[in-house]
Amino acid sequence: MQEIDRQYDVVIIGAGVGGGAMANRLADTGARILMIERGNYLPREADNWSVKAVFHDKKYTTRETWRDRSGKEFNPSTYYYVGGNSKFFGAATVRFRTQDFEELQHEDGVAPAWPVSYAEFAPYYDVAERLMGTHGTAGTDPIEPPRSGPMPYPAIGHEPEIEAVAEKLRKKGLRPFPLPIAIDRHDGGACVRCATCDGFACKLGAKNDSEVRLVGPALKTGRVDLVLDTKVERLLTDPSGKRVVAIEVTQGGQRRTIDGDLFISSAGAINSTALLLRSANDKHKRGLGNNMSDQLGRNYMAHNNTAMMAINPLRRNTVKFQKSLCINDFYLANSVKPYPMGNVQGLGKLQGGMLTANLKWAPRFLMDWFTTRSLDWWIMSEDLPDPNNRVTLDTDGKIRVSYTPNNLKSHGDLVTHWGKLMRSIGYPLIITQKMDITVAMHQCGTARFGKDPATSVLDTNCRVWDVDNLYVVDASFLPSSTGFNPSLTIVAQAVRTAEHLVRDVLKAKTAA
Ligand SMILES: Cc1cc2nc3c(=O)[nH]c(=O)nc-3n(C[C@H](O)[C@H](O)[C@H](O)COP(=O)(O)OP(=O)(O)OC[C@H]3O[C@@H](n4cnc5c(N)ncnc54)[C@H](O)[C@@H]3O)c2cc1C
Ligand code: SF4
């Protein structure tokens, strides 16, 4: 069994962007910090960039299965490593909009207001962008929220094919701009701008994921211990139920407990819920965080996501890094309809083998023909919180994700409209694929933060309302999914929570 002390000041569960940012921000407080990660380091190896290894053999995906609403088992596309899902992310690090923090009327319902405003949140986005090393050009996004200055690094630029598309879109009256992206692509950077980034891990360590940007620097301080291949099974409270006193872990088939003063669950929106539900006891019969509102696990969201191939049979698309362009002209009420429709961004370049991994019947030569001629897009629209979309545990302990997508009309209309636009600029053949429940990449909302303990699981600092020393800092806290990639906002909230802990909790503890 790996060496772990028996007692820590702060115990962080999970080394994704939420947990990584917490460790990073708390590392120099003098507190003894333990990070516990159920996975290990992802090896940097040739297979990182292999379509066969990543998409066909699913070498890096968890083997775990969850169940859907009907009880059918599925294998989620989720990753358990130091760095969590960010090892495979597309590195789009985008701020949510001012309007996302307010009540926002959608065609299918209302996205609720957040308990904090964008203005309050903005300084934490500044820090988050620096931590993640975001590249972009401030002032080019037509609906950009106010910001204090430029992005940490200049935009990575478009390759000629993408620049040409951007120009055609501008002629159509749209305002495309550089997608903010967190890869090490600037003078002296390690990124070689390859075609296997979005959905792959980086064998050069040049993707700015949580391992590289957050956990690594935290460990370098020497004040954070990281224990690997160790799953946290339960949080144990004192008899009053008001404080967590220890965690129960399994490591190498053995169980043990580790004591601590402060506990942070950063296991991801689905696994943090599962952990809090598994920790039910006499004082918390429905799971920790569920006494006051019965909201834990509810309001699960994951976005309405569609991948689109726009094909010009007469022209090869030789682009390598395609995820450089973004379009927000339809994000809020717009010329097509008086409701938000979503965001359109470049998708990592598709390859024939990526398609045949799911479409087993499809002839490989045909898929290669399509993908060598396709422009590939990721079309993402907001799904709305619904208490019946819910993560629960079955009696055998397996995770159940009961999810029925909503707000589909706006998403469908955006896909249709984008297809028409593509045809009008020279891509006559359109193929789309809507993502299903297995694509849990943008999971969020299961422990939303709020001002009212009757309707939220966490207070505005992400502390569980009725447990004094338990925080949830990962995608769980989002009260709405918005139409954007979530990782930058998870990091910003972690920075915010860490600031609160340093100011109000750890200082008080040191002074006592
Ligand atoms: C292919 C792909 C592309 C993506 N592209 C983008 C993008 O371009 N931009 C963007 O913003 N987002 C993107 N995302 C989403 C983004 O990666 C996630 O939103 C983000 O990483 C979630 O961070 P998290 O900290 O909430 O959770 P996670 O990343 O899930 O981290 C949780 C960690 O906790 C560990 N863990 C879980 N349970 C336990 C337990 N019981 N005990 C101990 N450890 C545990 C896990 O192993 C994991 O390391 C993408 C995701 C994928 C998969
Ligand atoms: S594009 Fe850069 S960061 Fe992404 S996988 Fe390739 S080398 Fe790594």
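Predicted model: local features only at pLDDT ≥ 70, side-chain atom pairs only at ≥ 80, totals over all residues.

Mentor: A polar backbone atom of P486 is 3.4 Å from an oxygen atom of ligand 1, while in S487 the side chain takes part, with an N or O atom 2.6 Å from an oxygen atom of the ligand. Taken alone, ligand 1 exposes 1,000 Å², and the protein buries 96% of that. The ligand has 38 residues around it, of which E37, N85, G90, A92 and S487 come nearest.

Ligand 2 has a shell of 13 residues, with C191, V192, C194, C197 and C202 the closest, and by class this shell comprises ten nonpolar, one polar and two charged residues. Ligand 2 sits in the second largest cavity.

With several cysteines named there, disulfides deserve a word: the structure holds zero of them. For C326, the closest cysteine sulfur is that of C197, and because the two sulfurs are 16 Å apart they are too far from each other for a bond; C326 is also buried, at a relative accessible area of 1%. C462 is likewise in no disulfide, since the nearest cysteine sulfur, that of C444, is 13 Å away, whereas a disulfide needs the sulfur atoms within 2.5 Å. C462 counts as buried too, because its relative accessibility is 0%.

Definitions and conventions
Residues numbered from 1 in each chain as written. Chains lettered and ligands numbered in written order. Heavy atoms only, no water. Near = heavy atom within 4 Å. 1 Å grid on protein atoms, 1.4 Å probe; cavity = no way out; pocket = protein on both sides within 12 Å on 5 of 7 lines; lining within 4 Å. Sits in = over half its atoms within 2 Å of the grid points. Nonpolar A, V, L, I, M, F, W, Y, C, P; charged D, E, K, R; others polar. Buried < 20%, exposed > 50% of the residue type's maximum accessible area, 1.4 Å probe, protein only. Polar contact = N/O pair within 3.5 Å; in protein donor to acceptor, adjacent residues only side chain to side chain. Areas by Shrake-Rupley, 256 points an atom, 1.4 Å probe, with all protein chains shown as cover.
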